[in-house]
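Dear colleague,

I am passing on the structure below, together with some notes on what turned up in it. Please read the notes with the coordinates open beside you.

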Amino acid sequence: MPLQRRIPKRGFNNLFGKEYAIINLKDIMRIEGIDIISPDVLLEKGIIKKVKDGLKVLGGGEITRPVTIKANAFSSEASTKIAAAGGRAEVI
């Protein structure tokens with residue numbers, strides 16, 4: 001019997017799935033003095049290690065100041081919290 005039939009398969013790997021670098025709003029609030037936050041800024045500050053297929057912002061934590069965040073995807077909770085604080089969520 002061939003080797004590929006003898007070895008068990010584990011799980012499912014989607015070849016077309018996207019793996020995002022994930023960041024919460026509480027991590028964005030740690031950055032002081034910058035009003036436009038993009039993946040390049042987060043890489044420079046060391047908050048994310050690698051931008052995989054893009055950046056996704058999640059709604060964990062609170063945001064108190066108006067900032068413009070540029071990312072590839074936003075959760076619905078993150079979008080509403082950013083808009084409530086007076087900021088903008090821009091999709092790149």
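In this predicted model, three strands make up an open sheet, arranged in the order β1-β3-β5, and their pairing is parallel. The edges are taken by β1 (21–24) and β5 (73–74), and because each of these has a single partner strand, one side of each is left without a neighbour in the sheet.

As for the pairings themselves, β1 and β3 run in the parallel sense and are joined over four bridges, with I23 having V57 in β3 as its bridge partner. Strand β3, which spans residues 55–58, also pairs with β5, again in the parallel sense but over two bridges; here the bridge partner of V57 is F74 in β5. V57 is therefore a residue to look at from both directions, since I23 is bridged to V57 and V57 in turn to F74, if one reads the definition of pairing as at least two bridges between strands.

The relative accessibility of S38 is 15%, and since the cut-off for buried is under 20%, S38 counts as buried. Its C-alpha atom is separated by 6.5 Å from that of A71, although S38 and A71 are 33 residues apart along the chain.

How values were computed. Residues numbered from 1 in each chain as written. Predicted model: local features only at pLDDT ≥ 70, side-chain atom pairs only at ≥ 80, totals over all residues. Heavy atoms only, no water. Buried < 20%, exposed > 50% of the residue type's maximum accessible area, 1.4 Å probe, protein only.
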